[in-house]
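Please keep the sequence and the model in view while reading.

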Amino acid sequence: MPTLNIVLVEPEIPQNAGNIARTCAATGTRLHIIKPMGFAVDDKKLKRAGLDYWYLLDITYYENLDDFYSKNEGACYYFTTKALKAHSDVAYPDNCYLFFGKETKGLPEELLLKNRDNCVRLPMLGPARSLNLSNSVCVGVYEVLRQWDYPELQNAGQLHNYNWSDAETV
């Protein structure tokens, strides 16, 4: 299975981090968190938002961006409201990293300037400042997985007492 990585830079809200952890666990996406964080990893709100999926999560913590870059390599894409290119205009390679900034400020502008060719945005109405962080991560993850044809993910559901394949077409 190809490897997808989410990088949270200084997340502040435990519920967002918990929701993101749950998305990563359910999709086989690796989660990287760059400190400082606005919460403790044992925060009840973080654990509750992630529900009982923590055992499925591959998570690594870093002291700062330099620590992260010294231990990882691969194509990096920076999600920001300041980008000109849409997130869906990129062909994401295996072992890529999707970066997301803190809820109050986003990613540091110096980081965006150094990587402007790899900055992407989620299109939205002009008056809206931004989407919720956990929603933005989910959109990014599923765009990459869609491009990769959802490798190893269950792509069909089943009702308890009904087999979809037995249904007559109308």
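In α1, the buried residues are Pro-14, Asn-16, Ala-17, Gly-18, Ile-20, Ala-21, Thr-23, Cys-24, Ala-25 and Thr-27, where buried means under 20% relative accessible area, exposed over 50% and partly exposed in between (1.4 Å probe, protein chains only). This is a predicted model, in which local features need pLDDT of at least 70 and side-chain atom pairs count only at pLDDT 80 or more, whereas totals for chains, interfaces and linings use all residues. Residues are numbered from 1 along each chain as its sequence is written, and side-chain values use heavy atoms, with hydrogens and water left out.

With 10 of its 14 residues buried, α1 is mostly covered. From first to last C-alpha α1 reaches 20 Å, close to the 20 Å expected at 1.5 Å a residue, the expected span being 1.5 Å times one less than the number of residues. Just after α1, Gly-28 takes a positive phi of about 70°.

## Elements and sheet

The chain has five helices and seven strands; helices (H or I, at least four residues) and strands (E, at least two) are DSSP runs, numbered from the N terminus. The seven strands form an open sheet with parallel pairing, in the order β3-β2-β1-β6-β4-β7-β5, and two strands pair if DSSP finds at least two bridges between them. The edges are held by β3 (59-62) and β5, each with a single partner strand, so one side of each is left without a neighbour in the sheet. Between β1 and β6 the parallel pairing runs over five bridges, and the bridge partner of Leu-8 in β6 is Phe-100. On this sheet packs α1, which touches β1 and β2 and whose direction makes about 150° with that of β2; contact means heavy atoms within 4.5 Å, and the angle, on a scale from 0 to 180 degrees, is taken between N-to-C directions of lines fitted to C-alpha atoms, for helices over the stretch in contact.

## Nonpolar cores

A nonpolar core is a set of buried Ala, Val, Leu, Ile, Met, Phe, Trp, Tyr and Cys residues joined through side-chain atoms within 4.5 Å. The largest such core has 24 residues, of which Ile-6, Leu-31, Tyr-92 and Leu-98 touch the most other members. Two or more residues each come from β1 (4-9), α1 (14-27), β2 (30-34), β4 (76-79), β6 and α5 (133-147), and the largest share, five residues, is that of α5. Apart from this core lies another, of 14 residues, among them Val-9, Tyr-78, Leu-112 and Cys-119. Not counting residues up to four places away in sequence, Leu-31 touches, among others, Ile-6, Leu-8, Ile-20, Ala-21 and Cys-24.

## Backbone details and exposure

Glu-10 is placed in the loop between β1 and α1, and Tyr-150 in the segment after α5. The peptide bond from Lys-35 to Pro-36 is cis, with omega near 5°, and Pro-36 lies in the loop between β2 and α2 (44-50).

Asp-89, in the loop between β5 (85-86) and β6 (96-100), is exposed, with a relative accessible area of 55%. Its C-alpha atom is separated by 8.4 Å from that of Val-120, although Asp-89 and Val-120 are 31 residues apart along the chain.
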